[in-house]
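User: I would like to learn how to read confidence and salt bridges in a model. Please take the general idea before each case.

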Amino acid sequence: MLPMGRRRFEMKPFALRLLLWAVVVVAGAFTLYLTISYAAIPLLIWLSPTLNPTLYDLGFYGGSPSQTYISNGLSSPRTSITKYDPDCDKGYTFLNYNGGSMPDPGPAILDSNSELVWKGQNYAVTTNLKVQTYMGQQYLTFWSGRKGGTMGKGVYYMLDSSYETKHTVSAAAQGSEIEGDLHEFEITKDNTALLTFYNVTPADLSSLGKFKNGWLTDSGFQEVDIATGELLFEWKASDHFQVNETFMTHPFGGYIKSIPFDFFHINSVDKDSKGNYLISSRHTHSVTCIGPDGQIMWILGGQRNQFTDLSGGDALNFRWQHDARWLNEEEGIITLFDNKEGGPLHVDGPYSRALMLQLDIANRTVTLLHSYVSQYRTRTPSQGSAQYLPDSKHMFVGFGHSPVLSEFSLDGTLLCEVHYGAQWLHVFDTAVSYRAFRSANWVGKPREPPAAKILDEMLYVSWNGATEVEAWVLQGGGTGEHEEEWSDLDFIDKEFYEESFDLSQLSQYSRFRVGALDREGEILGYSDVAPRESSGSWWGFLFAVVLWGVAFKISWMGYKWFSQHKGVARRGVSWVVWKKS
């Protein structure tokens, strides 16, 4: 007899078994994850270190494994060097960490050993980090702003050697809503800036089988005076190309303003010595030369191609390309990155590659000189760059949406390759850098002092952005009337972004600081005085062990229950739950 105002709820046998099986499966999966992460993988690496790159690329460490530096709290990906040659270029690598697996996205510089040199902070999405010269002085330049789909709205930053912003450049609005796009920011020899823009505008899309009163994503570029912001030149694709010249398809694009149709998609601009502009259009599969008057001089590739391929089709079959640049104007040599893919519905080849092409403009012919393919034949659906390195005469290729950086000899032989994320997971947008550049000319002299922190009798030190540090000196401070005196205690060469000193045998000192030394042994700067701190880092391992034990216990209890109550589960079990009506 049930009390008044209460009712009984009976759980059906099937529902009960399903719930219990779910608990056991979840606990078992969690146990398996902990076992693999904290036992199986470390054991495999210990038994065979050569497995490390393979496990890395398979994603066993995550989409982009990271490391956090104790001295300053910054994070950066742990890279995997899959191929190495001592002849590879010794310059710095400049890239922009983005993607869902990046713990701390932003612009970054790596050294020739793929160790972090500098990590930018407090920016929105960034692209196009590289070294450029303006008025005879070197700057670190990049775009930062809001990214929407495959375009962006923002401004361009120019940082000096101390990493302080000296100039910002914006698109010349001219009464419209145009803002600087993420794809291009190139400083010319005339000390002007080339930048791309995207703008939504009404358009007739009936030639595509869409509305006559549709919506188009128009794109183009500007040349702007950096000092004054004055607009010097502007070019728009819709004035020179028809919408039906596109190879892009989008069943829903163009019908409403919020989903416009991107028919052209400009993604690079270069300027030659004669004042002509070289642009790449991803969605028309074309590279176009535009004269100073804005008129088209010639088109390579696409529906309006004007060149004959002397390489049997290999020179003109680039698709969804990026980053078209002049390498040698006199010889007519250009480079570009051939994606071969524009998303899962637009796949036009087995793998991406960088190309070096030679144009005979007078006779309208093109020849493939060299192609550059990554170690595992990566195909990346977007982004990418190709850079010729004049000092080493090598090619440096960034694979954009795929976290791969490759360096080749001029003839296409792969020399070195670095991954900053699991390659096969790139479809999930885990680790991305729109472009990657290499330069040996950057000198970073940050104004902030080195960062030092003591943890568990170890002192950790780093100096974000400093490129001239060759060694560190540990100093211990006196007490009382000798408080201002410092004694040299230890020296270590700088090999990694963050180095450490063991303080366990230096209990007689209560204060420490670290000095950064250049190659002549001169002090570049001192850290602040580092106070001692205790650590709870071992709790992480203990916590993992406890979790493993709990998960294993739940799995074992579930197994025993099913073993002892199979008959009961089949006949049905009623649970009475009392609650007020």
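The dialogue below covers model confidence and then salt bridges.

User: What kind of model is this, and how are residues numbered?

Analyst: This is a predicted model, in which local features need pLDDT of at least 70 and side-chain atom pairs count only at pLDDT 80 or more, while totals for chains, interfaces and linings use all residues. Residues are numbered from 1 along each chain as its sequence is written, and side-chain values use heavy atoms, with hydrogens and water left out.

User: What is the average pLDDT of the chain?

Analyst: pLDDT is the predictor's confidence in each residue, on a scale from 0 to 100. Here the chain average is 89, and 84% of the residues score at least 70.

User: Where does pLDDT stay under 50?

Analyst: Where pLDDT is low, the predicted coordinates should not be read in detail. One such stretch is residues 534-540, with 5 contacts (heavy atoms within 4.5 Å) beyond four places in sequence. Another is residues 567-581, for which the model has 29 contacts beyond four places in sequence.

User: How many salt bridges are there?

Analyst: A salt bridge is a side-chain nitrogen of Lys or Arg within 4 Å of a carboxyl oxygen of Asp or Glu. By this rule the count is 18. Among the residues involved, Lys-130, Glu-184, Glu-186, Asp-323, Arg-325 and Arg-435 are linked in a network.

User: Which parts does the pair of Glu-179 and Arg-146 tie together?

Analyst: The closest N and O atoms of this salt bridge are 3.3 Å apart. Glu-179 sits in the loop between strand 10 (165-169) and strand 11 (185-187), and Arg-146 in strand 8 (residues 137-148), so the pair ties together parts 33 residues apart in sequence. Strands are DSSP runs (E, at least two residues), numbered from the N terminus.

User: Are these two side chains buried or exposed?

Analyst: Buried means under 20% relative accessible area, exposed over 50%, and partly exposed in between (1.4 Å probe, protein chains only). Glu-179 is partly exposed at 29%, and Arg-146 is exposed at 52%.

User: What about Lys-166 and Asp-160?

Analyst: Their salt bridge has its closest N and O atoms 3.8 Å apart. Lys-166 is partly exposed, at 43%, whereas Asp-160 is buried, at 7%.

User: Where do Asp-190 and Lys-271 lie?

Analyst: Their side chains meet in a salt bridge of 3.6 Å, N to O. Asp-190 is in the loop between strand 11 and strand 12 (192-203) and Lys-271 in strand 16 (residues 266-271), so this pair ties together parts 81 residues apart in sequence. Asp-190 counts as exposed at 52%, and Lys-271 is partly exposed at 22%.

Methods:
Helix = DSSP H or I, 4+ residues; strand = E, 2+ residues; numbered from the N terminus.
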